[in-house]
Amino acid sequence: MTFLYPWAFLVLLAIPVLILIYILRNKYKEETIPSTYLWEISQKFLKKKNPMNKFEHLLALIIQSLTIVALAICLAHPQFSLKGQADNVVFVLDTSASMQISYGNETRFDKAKKEIKSVANKCKDGSKFTIVAAGEENKTICLSVSDKSRFEMYLDSVSVTDLTSDLEEPMNTAQKYLSDGTANLVYLATDKKIETSQLENVNLIDVSNDVINYSIDNVEYSYNSNGELLVTGDVYGYGYTVPESVINSDDKDEKAKYSTSVRFYINGKKGKWAQVFTVNDQVNSFSVNLGNSVSSADLEEVTCVIEEKDALDKDNTYTVYNNSKVNTTRVLIVGKANSYLKGYFASDKSTSYKVITSKEYTGKEGYDITIFSNYTPTVLPSTGASWFIGCTDSVEGSGFIAQNTYDIEGGAYLTYSDDSSLLYKQLTNKTARNDITISQYTRYTLNEEFTPILTYNNLPIVFAGKNSSGQREVVIGFDLETSDFSMKYDFLRLLNNFTLYSNPKVMSNYRYDVGTTTTFSLPDNLEKLVVTTPSGKEQTVEKANDDYSEYTFDECGTYDVKAYYTTSTTSTEEMKIYSSFLKEEGNTTVSDTKNYKLAIKQDAKKGDATYDALLWVVIVGAIFFASDWILYTHEQY
Amino acid sequence: MKNVIDEQFLQQLELFTLAVKDNVAGLFGGNHKSKKYGSSCEFADYRDYIEGDDITKIDWNLYGRFEKMYLKLFLDERQMQTRIYIDGSTSMTFFRKDEMAVRLAVTLAYLSVKDMDKVSIYVIHDGFAEPVIENLIGKDSFMNEIPAVNKIKFGGDARLSEAIVRSVVGYGDGRSIIISDFLSVENYRDAIDYLRSKRRDVLCLQVLGEEELNPLQRGRLILRDSENDSRFYKSNITRDELSAYQQAVEYVTKRIENFCLSREADCLLVSTTDTMKDIFLDKMVTRRIMQ
């Protein structure tokens, strides 16, 4: 037998105190009364005393002492140990988004937790429990917890995510616990369909259920030439089967039985609805003309909602935001502008451009980006970023010195550098890494920390960075006319990336899937970004010395991004970003085909179970206490 | 005077009188009947006419019938002498028994004076009955002299029989009232017998405190007698002891009552928690001590 709180035996010190009280109490007290006459007479009426009555007070002392002993044992909380009767259990709990699918009146996740609690409660006291959460990341929530109420607290703290999950990593963790003897039993709680043959030494808590679910994805909007709003998207259906005959039929009524209703909301106002024939387990696209009630300038958001009641609400909504009210980039081209260069800026709706001659240039034009094309200025622009295309001379304060210009006979290829910095990743985002041929280049000596993007013989030919004044610069060290660069796919991608870098908008894309990591651009005049997640959590990204910051969207819904600037022209900027539910997680009938065959350690030992004897001690103590009271009242009354 | 009497209560007492068992042989006119013939209106008997008798008392109807002269005799009204003895021992100082005793004495004294009787109050210390008030007659004198009861001192021993036998008790002329707790081995019986032999009506009022009737003592105690230091009672007082005590109380009060009954004396147990109204207008009326 062991005791949880052995210090409680200090209560036994009350016994000698009790004995002392009895000794003191047994002393006779003196009292003067009018006459002892009646007391003397009463002797005659006194019944013969039972000799045992002498021990009556001693009996009270004994009972009270036993009560104190029982109290001490109660407080010490005795437990009996039962060798090798307790299990050490690992629970692997799937926290993927599909666990939010309903299971009766609760979700699959709630059902899984309930089952886990039920298993834990059936285990003997003294058993130990470990929880491994299977999500985007494998995480051990608690390790070898023996207190069942504490275990339940840990279990309650695990929440389902909007992300996908991989069971392999967490099962490897479970295997590790089996191998090192931490555990002898593994339970896997998941909604993925897994066959018994795929499992060995794993107990499955299957919370999958056959329910119908619809989801909506890839919604986009555009305006046609008549100014009408067109919305397109995809609808998916799971958990049912549309007969082939219906799929191939032209019967609208038959098809209507397998259609979902999609309602459209423009700027929060309820609008039209459309019926979408939804064949299970495949893409069902729709395209709807919502008219010209709202112009593109006034459009803020378009939301599509599936109106059918199904097993999961989260994937029934998709919102697209119009953040085009964010600043347009103003571009000034100084010198001889390449036509492809002009063509690019003309097509980019987020930019506006102007071309001036070198003579007209003063340096005080105040554009977001000033491009010096085949012209080397004497002064840098007072504001904004500078691009130098084909500049053969140095500019004071630019951070680089132009050396010689070289002709390459037969041409040469530029190669992408091996830089791993965030800036390089941003500048080369979505490039195809085409071969770019040049026949001429200018060699530069870099005095500042520029990031080379394209090199020739390890010489930086195309590079970007900040000069000593902190102004952003992009240098293309060759004349576009002497290269095939303008005709390559990467020309548009790089120009887009250079534009974003030079006049960074916090972001250019406003739609992501849950789990996607994006990069926020942090303009020079940005103080901080405050991101509010769909669940209301606020996260702050400080500018500090960084130009970029990565961010992962791990919740489904609308994110509010507020940018705080230090300049007075634009003090704050607000954007809405929609993070959509992963459509594969809306599939109610997903199977996991991997095998999870775990090996238990040969000499794996079970733990020692405990039997809590507290209740019996309390009963015995209560009996002693009651006996003492009965004896007292009998004596007195 | 201490406020021992409620005036409203006194007014209620006007309607009552202390009952007297034997006809009294008082010396003065009062409201009680005497065995001697006198001048009241109540016919008592006939006797032969003797020369010199008052001829106005001759019953001429009888003469007409029997042609012999007979004299009508009428009862004589006589005055009672009430003597009240208060136990002045130490035991009476507990539980306000002294106060109750004085109140009882004053009330009984009033009842007597309102019937034109004489009243004397004595306090018994050791073997002597010390007079407090003697031969008080009339309400006016009562109001003037009754404050003397406030000077009664309680304490020491009180041997009732010795004191009463030693004192002037009178003969057949009234009531003797003993107010005591009767909690002593001392033989009060001698006092009652003596008084009865002097043809006096006897009333014993046993005054006990509520704590004496229902003691609160519990546990291991040495109870010392207030009148005799060498006497004590040592015991662990439990429920059994208390039960035996109750039986002892009943035994003692019953014993006094039975003795008084056997001597044609009245006896009444009074608790210090009883009101004067309860005692006089209820208990005493029920027992026909008052009417």
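1. A:Tyr318 and A:Tyr578 are both buried, where buried means under 20% relative accessible area, exposed over 50% and partly exposed in between, with a 1.4 Å probe and protein chains only. This is a predicted model, in which local features need pLDDT of at least 70 and side-chain atom pairs count only at pLDDT 80 or more, while totals for chains, interfaces and linings use all residues. Residues are numbered from 1 along each chain as its sequence is written, chains are lettered from A and ligands numbered from 1 in the order in which they are written, and side-chain values use heavy atoms, with hydrogens and water left out.

2. Rings of Phe, Tyr and Trp (its six-membered ring) pair if their centres lie within 6.5 Å, planes under 30 degrees apart counting as stacked, over 60 as edge-to-face and the rest as tilted; by this rule there are 40 aromatic pairs over all chains. In one of them, the rings of A:Phe91 and A:Phe151 have centres 5.7 Å apart and planes at 35 degrees, so the pair is tilted. Because A:Phe91 lies in strand β4 (residues 88–94) of chain A and A:Phe151 in helix α5 (residues 148–157) of chain A, this pair ties together parts 60 residues apart in sequence; helices (H or I, at least four residues) and strands (E, at least two) are DSSP runs, numbered from the N terminus. A:Phe91 and A:Phe151 are buried.

3. A:Lys255 lies over the face of A:Phe277, 5.0 Å from the ring centre, a charge being over a ring if NZ of Lys or CZ of Arg is within 6 Å of the ring centre and within 35 degrees of the ring normal.
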